[in-house]
Amino acid sequence: MKIDRRSFLGLGLGAAAGIAVSPVGVKLTDDSSIWTQNWPWTPVPEDGEISYENSVCSLCPGSCGISVRKIKNRPVKIEGLDEYPVNDGGICLHGIAGLQYLYDPARVKSPMRKNGDRFEPISWDEAISLVSGKLADVRDSGAPHTLGLISGGAGGSVTALFKRFLDAFGSPNVYAMPSLEDNLSLTAATLHGAGNTIGFDLENADLVLSFGAGLIEGWGSPMACFKANSARRDRHAKLYQIEPRLSNTAANADRWIPIKPGTEADLALGLCAVLLKKNLFTPGEFFGGFNRFAAVVQKEYAPEKVEAVTGVKAADIEKLAVAFAKAKMPVAVPGKGRGDHGQNLKEFAAVQTLNALAGRLNKEGGAFVMNPDSYLAFPEASMDDAAEAGAGQEKSVGSVNELVDTLNASAKPVLNALFVYNANPCYTLRDTKRVKEAFKKVPFVVSFSSFMDETAMASDVILPASTFLERLEDVPTGGGLAKTVVGLTRPMVNPIFDTKNPGDALILLAQAMGGTIAESCAWDTYDECLEEVAGDIWDALSEDGYAVVSEGAPMGTPGTDFSFLASNPASVQAGGNGDLLLVPIDNIRLAGTAPASTPFAVKTVSDRVLSGTDIVVEINPETAKGLKDCGYAVLITSQGKARVKVNFNEGIMPGVIGMVKGLGHTFDNPYVAGKGVNVNDLIGPVIEPGSGMDAAFGIKATLSKA
Amino acid sequence: MIQNTKAHKFGMVIDLDKCTGCGSCMVSCMAENNVPFKEDESRKKDSITWMRVYKLTNGKSFPDTEVVYMPRPCQHCSGLGDHGHSPCVSVCPATATDYGYDTGIVSQIYTRCFGCRYCMGACPYHARYFNWWDPTWPEGMESYLSPNVSPRMRGVVEKCSFCYHRYQLAREKAYVEEREIEENEYQTACTTACPADAIIFGDLNNPAHQVHQIVKPDPHPDPRNHKVVGKSRNPKVFRLLERLGTNTKVYYMSEREWVRKAGDSYLDGEWDEVKNHHGSSSSHG
Amino acid sequence: MDSALIPEGAKRCPFPKFMLGMAIVGAVLLWGVYAMFLCWFKGLNQTNMDDYYGFALWIWADLAVIAVGGGAFFTGLLKYIFKIDELKNIINFAVIIGFICYSSALLILAIDIGQPLRGWFIFWHANVHSMLTEVAFCLSCYFAVLTIEFIPNILENRQLNKVSFFHHLAHNMHGVMAVFAATGAFLSFFHQGSLGGVAGVMFGRPFAFREHILIWPWTFFLFTWSAAAFGPCFTLLVTKITEAITGKKLVSDKTVNLLAKISGWMITTYMIAKIIDTVYWAQVTAPSMGFTLDHFYSNNAFYGYWILFAEIIVGGVVPGLLLIFKKTRENPIALLTAITLGVIGVCLNRWVMVLQIMAVPVMPFDTWALYIPSWQEVATTILPVAYGIMLIAVSYRYLPVFPQELELNKPAQATE
Amino acid sequence: MFPFCFEWAWDIGHAIFFGGLWYAVSILGAGMTYCIAKAAYDTIKDDGDSHH
């Protein structure tokens with residue numbers, strides 16, 4: 001038939017109507033909502049049986065008990081373990097975010113060898129033979145003592161195994177990163193005799209006089225401190241915080257006593273002076289020139305003099321001293337921030353002396369002078385002549401900071417090979433440029449890092465470590481805790497990548513080296529080694545997951561040696577030049593040492609600390625001439641300069657610039673690295689004579705409009 | 001809908017004097033609820049944090065400055081007169097967010113939400129977050145995601161659910177064992193994580209629960225402001241923006257007056273007349 | 001070239017010139033379309049909106065076009081229900097403008113939501129307590145009404161009208177148009193109102209919240225009223241612009257003045273209500289929540305009392321007065337000033353009721369949130385404007401939009 | 001939207017809201033149906049006439 005306009009029109013309308021009433025439209029609309037609910041790129045987690053497994057977190061010396069929730073053996077959440085003697089259910093954000101470390105973009109997925117300036121993956125066999133070969137050369141060259149070790153986080157059988165390896169190898173050059181643990185041991189050795197350390201019974205003290213100790217900033221065993229601090233209110237105990245800045249601890253304290261940075265020792269000695277003057281001290285077994293000390297402090301640290309130095313009113317000093325002496329169970333706590341970096345022995349000793357004078361040694365709620373005889377029982381290491389010779393040798397220098405300087409100073413290599421375990425000195429030590437230089441001076445650096453961090457990048461071979469969720473290890477509690485608890489870290493999942501427990505890597509190395517070194521490490525696996533050396537606490541460890549090694553106040557009252565303080569050592573001064581003082585800030589939400597923070601942790605950081613890729617520094621508005629809140633500024637120290645943003649904070653002492661630790665990482669993790677600056681790039685070390693501690697509590701600086 | 005007598009009314013009291021601002025609650029929440037993260041999370045106005053910790057200061061200058069941290073989950077408003085018409089639920093055009101009369105929990109149905117964001121405008125606490133981006137995880141990291149909370153898709157609103165999935169698990173267990181759920185069986189992820197024990201969670205309707213004992217909620221409307229129901233009889237306890245009549249189920253506690261005052265807006269002189277007024281009962285005589 | 005389509009006797013510019021104009025505007029349109037697809041495929045991260053600014057430029061544009069589009073329903077109401085026959089001379093154009101405004105509004109909503117493919121949930125899973133649900137339903141229904149009102153005008157095109165069916169359809173639709181107009185007025189009343197309700201019911205936002213009558217906050221009535229009042233201003237403004245561009249007189253002064261007068265009285269009465277509302281809110285509602293007026297207009301870089309003054313006095317009282325007095329109303333300059341200020345005023349009101357609400361801090365420790373739209377937002381907001389210009393141009397060229405055109409332009413005819 | 005959507009409730013709110021809505025929709029529907037039908041009828045009628 002002929003299709004005229006009208007019938008064509010009819011057809012058209014008919015078709016339209018037909019489609020309109022057909023289910024096509026409805027079906028498509030319905031489907032569309034279903035598509036939008038399962039985009040292929042939106043993950044759908046697999047469901048399954050829920051189970052819980054206990055372990056211990058070894059990210060920091062805190063060693064908290066954790067409970068890992070698993071779905072079909074797939075870990076999905078880390079939580080604090082209730083009734084665990086350290087943290088009783090409490091847990092910090094780094095521990096909770098622990099699972100993110102497993103899949104961290106910066107993880108070292110297999111052994112690596114540096115080729116030129118880039119790394120190439122190699123097999124474990126290659127890696128072991130490569131390293132053992134190099135080490136053999138060093139040893140055969142007749143200088144076994146030129147193998148060094150830098151390790152972080154003292155204690156534990158893996159660190160012990162490293163030391164044992166170096167003993168058998170013939171080198172005394174074992175260095176630990178600065179830690180509260182070591183600072184306290186050194187203090188105890190100075191005042192109460194070698195082999196001791198100090199624990200603070202915060203759980204029972206009724207007055208905690210904290211000389212800047214960041215009790216809720218990650219000091220000591222963080223969660224134990226959190227628990228003690230939180231229970232404080234119910235016990236009607238008091239916390240006085242002495243600090244230049246209103247830190248979280250200061251904000252949470254019953255009283256905040258602002259003090260000029262780096263003058264804590266002077267205040268502590270000033271308080272001692274008052275106690276002695278007013279005869280408020282408790283005599284004890286004091287020797288090493290107690291009278292000389294008494295004379296010196298009352299002369300040099302009279303309240304007026306101390307006021308001039310610290311900025312704390314003389315009257316307040318007297319009141320404070322009296323309050324401390326009159327309190328039932330007071331305790332004084334040293335260690336600014338986390339008590340690891342930028343500390344000095346004078347301060348630690350002065351504060352501990354305060355405890356001694358107040359008769360708080362080994363008293364409930366006081367300071368415990370503990371002698372933690374190691375629970376580890378290694379069999380006698382078998383030593384050959386080289387080893388014997390090495391064992392005789394003196395350590396090249398005292399501390400890791402001195403080591404770095406020596407490496408840089410001397411023309412010919414001080415160390416021919418260096419192990420780095422559980423530490424990131426190229427990021428954590430002050431003046432990182434200096435540290436990286438020093439690493440270049442070492443011909444052969446072996447890193448046992450789990451992540452491609454600053455130090456791993458500066459090494460020649462990486463023997464990647466499994467994370468704490470992938471390995472078995474004993475972890476004793478560190479710094480400042482009044483009890484010693486050894487926890488057992490258990491593998492929650494098989495290694496995700498081609499990594500090993502550093503203990504196993506070390507045993508493989510020893511076997512490859514052969515001879516007495518192999519004999520000294522004659523275990524098939526590290527797990528086997530641990531079971532043997534953990535000796536009598538192994539059963540407890542394997543059954544309960546932990547063992548309490550020491551608890552409660554030790555017997556008797558230790559003597560106190562005053563010779564160090566009686567000699568009135570000079571207080572450390574800040575280096576550099578400028579009208580302001582830059583001090584690092586410990587922020588619980590950011591890891592200051594190894595390993596670096598997780599994406600989750602960084603996400604929680606305030607925009608008043610990190611803004612985009614800019615670090616934000618704190619200053620008192622009074623100090624901020626010509627600067628704008630949230631505006632840009634240039635921060636200059638003798639070490640370098642940085643473009644920063646400024647945060648006006650009434651809670652920081654005028655004249656002081658606060659910069660957070662833990663930012664400015666330079667490795668390959670877009671969620672964590674490339675944000676802000678590393679405060680350690682801007683601060684240079686100031687070595688305290690004698691102790692060898694890097695005592696730089698800050699550095700002089702200028703801040704000007706960008 | 002009628003509120004049956006056995007209905008729960010889950011709520012929280014946060015002790016701001018104990019809170020240390022450590023951030024454990026924030027991360028515990030993120031890990032528990034599959035909250036995604038981006039490379040730059042410093043722009044807090046598009047950073048998904050169901051639990052956000054605010055920093056408050058007393059505004060005084062050095063050295064009299066004081067600081068307190070205020071964790072802010074979804075406040076799970078019961079709405080004007082406690083009828084379940086919370087600011088967000090009443091405005092959602094697609095019934096994608098709902099008020100559970102048996103739990104007092106404000107839910108969010110991600111697959112129902114079409115992203116109009118009206119609820120976000122209506123919420124004065126900024127407790128609601130929009131997925132501006134597709135949630136993505138670094139290679140392999142999605143293997144830690146929990147099946148109990150479905151990951152969201154781009155273009156929908158999400159928020160704190162008081163870890164509702166934990167309630168479901170506890171309820172199923174209790175049901176099988178033919179009993180009521182215990183106080184400690186249902187606790188939110190932020191509560192269990194808090195190392196300072198600053199967060200206390202439970203059933204505000206249950207006198208046996210700690211949260212009820214601390215808050216002592218007043219069942220009667222506040223004589224001064226009839227929009228307000230459930231005002232705390234505890235002089236140290238307050239709620240955020242209580243005067244608006246949102247009737248939140250997250251209470252805050254502090255010894256410090258300036259902190260309690262910071263929870264709401266007051267005209268000049270108003271604070272001094274209301275600060276000692278705590279619910280109808282306490283106002284009698 | 002396209003003369004066969006051009007209305008009998010009407011004079012239009014040459015086809016190439018017409019196409020050139022279209023091409024230029026079309027370019028802008030394409031820019032907007034590109035931005036639109038960016039938002040659809042890459043998501044709303046293309047905008048500068050954030051969790052503080054869930055409602056931003058788009059929603060303002062949405063409310064604004066609906067407000068100024070109110071001219072269609074109000075003129076229709078007057079013409080078909082109140083039988084003010086004079087308005088037949090402008091009703092077609094009013095309808096076209098309304099059609100453009102409402103189609104734009106719907107398009108903007110489709111871009112604005114995070115899950116466009118689920119947009120229909122607002123109907124399917126409707127929550128009747130939500131003002132937005134009411135908006136969605138009434139908006140789409142009223143858009144249907146506008147389409148129905150527009151169809152006869154299209155069918156009157158010279159060629160289409162030759163089709164007997166279309167001819168009859170157009171004729172019959174005219175016959176029952178009053179029914180449609182009434183329904184349209186009913187729907188408009190509610191969606192204009194519920195758009196106001198969107199802000200007024202937010203009891204968590206003291207800047208937005210208003211006292212209620214039954215379930216409706218004051219803003220509900222104020223929005224309807226203002227749309228009816230300022231809508232005609234926009235209709236007149238666009239008419240004036242069209243006349244300027246075409247160089248022709250299209251609507252008689254009689255009609256214009258009549259509509260202007262009505263608009264003037266509507267604006268004036270609205271402003272009285274608005275001022276009462278503002279005073280009550282400032283003196284009673286907000287203070288009852290602990291907020292002073294100062295809180296809403298200080299301590300930030302943008303929102304000051306100036307915006308309140310600009311909206312109420314400059315964009316409200318002034319045009320109102322200019323339009324109710326015969327002398328000023330019939331003075332071309334004054335008239336133009338008045339309708340322009342009126343349109344600005346109502347847009348400002350919608351801006352305040354969307355963006356300032358988001359900006360004002362509510363929690364005592366919260367801060368003001370300001371925002372600057374991204375180019376994608378700007379482009380998608382300009383898109384409807386370009387689309388509107390093109391539709392008006394096409395309609396004007398091919399449809400008998402202005403009944404008075406021929407008679408008003410007789411001399412021009414004669415010279416041909 | 002429909003009684004078989006689960007959020008539907010037979011309460012006053014739904015009655016008023018959807019009552020008004022469906023009322024409006026049906027008027028529009030009826031009106032258009034009438035116009036189209038009538039137009040079709042008229043068209044056919046014209047044809048009839050034109051054959052004469």
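**Largest cavity**

I sorted the lining of the largest cavity by class and got seven nonpolar, eight polar and eight charged residues. The model is a predicted one, and I kept that in view for every entry below. I then looked up the volume of this cavity, which is about 340 Å³. Its lining holds 23 residues, and Glu243(A), Lys336(A), Gly337(A), Val583(A) and Pro584(A) lie nearest the centre. Which element gives the most to the lining? I found strand S24 (residues 580–585) of chain A, with three residues. For the whole structure I noted 18 cavities of 30 Å³ or more.

**Cis peptide bonds and positive phi**

Most residues other than glycine have a negative phi, and most peptide bonds are trans. I wrote down some exceptions.

In chain A, a cis peptide bond joins Ala594(A) and Pro595(A), with omega at about -5°. Pro595(A) sits in the loop between S24 and helix H25 (599–604) of chain A. Pro63(B) belongs to the loop between strand S2 (52–57) and strand S3 (67–72) of chain B.

Lys72(A) has a positive phi, near 50°. I located Lys72(A) in the loop between strand S2 (65–71) and strand S3 (74–80) of chain A. Its relative accessible area is 48%, so Lys72(A) is partly exposed. Asn299(C) also has a positive phi, near 60°. This residue is in the loop between helix H10 (293–297) and helix H11 (305–324) of chain C. Is Asn299(C) buried or exposed? At 71% relative accessibility, I list Asn299(C) as exposed.

**Helix H18 of chain A**

I went through helix H18 (residues 432–441) of chain A and found Thr432(A), Arg434(A), Val435(A), Ala438(A) and Phe439(A) buried. Seen down the axis of H18(A), these buried residues fall within an arc of 155°, so they line one face of the helix. On the face turned away from that buried side I found the exposed residues Lys433(A) and Lys440(A).

**Aromatic rings**

I noted 71 aromatic pairs over all chains. Why is the pair of Tyr53(C) and Tyr371(C) called stacked? Their ring centres are 4.8 Å apart and their planes stand at 20°, so the pair is stacked, the cut-off being planes under 30 degrees apart. Tyr53(C) is in the loop between helix H1 (15–42) and helix H2 (57–68) of chain C, and Tyr371(C) in the loop between helix H13 (332–359) and helix H14 (375–398) of that chain, 318 residues apart. Both Tyr53(C) and Tyr371(C) are buried.

For Phe190(C) and Phe220(C) I have centres 6.3 Å apart and planes at 70°, so this pair is edge-to-face. Phe190(C) lies in helix H7 (residues 164–200) of chain C and Phe220(C) in helix H8 (residues 218–246) of chain C, so the pair ties together parts 30 residues apart in sequence. I checked accessibility too: Phe190(C) is partly exposed at 21%, while Phe220(C) is buried at 0%.

**Charges over rings**

I looked up two cases. The charged end of Arg117(B) sits over the ring of Phe130(B), 5.1 Å from the ring centre. Arg397(C) lies over the face of Phe18(C), with 4.4 Å to the ring centre.

Key. Residues numbered from 1 in each chain as written. Chains lettered and ligands numbered in written order. Predicted model: local features only at pLDDT ≥ 70, side-chain atom pairs only at ≥ 80, totals over all residues. Heavy atoms only, no water. Phe/Tyr/Trp six-rings, centres within 6.5 Å; stacked < 30°, edge-to-face > 60°. Helix = DSSP H or I, 4+ residues; strand = E, 2+ residues; numbered from the N terminus. Buried < 20%, exposed > 50% of the residue type's maximum accessible area, 1.4 Å probe, protein only. Lys NZ or Arg CZ within 6 Å of the ring centre and 35° of its normal. 1 Å grid on protein atoms, 1.4 Å probe; cavity = no way out; pocket = protein on both sides within 12 Å on 5 of 7 lines; lining within 4 Å. Points joined across faces, edges and corners; volume = space filled by probe spheres on them. Nonpolar A, V, L, I, M, F, W, Y, C, P; charged D, E, K, R; others polar. Arc of directions from axis to C-beta.
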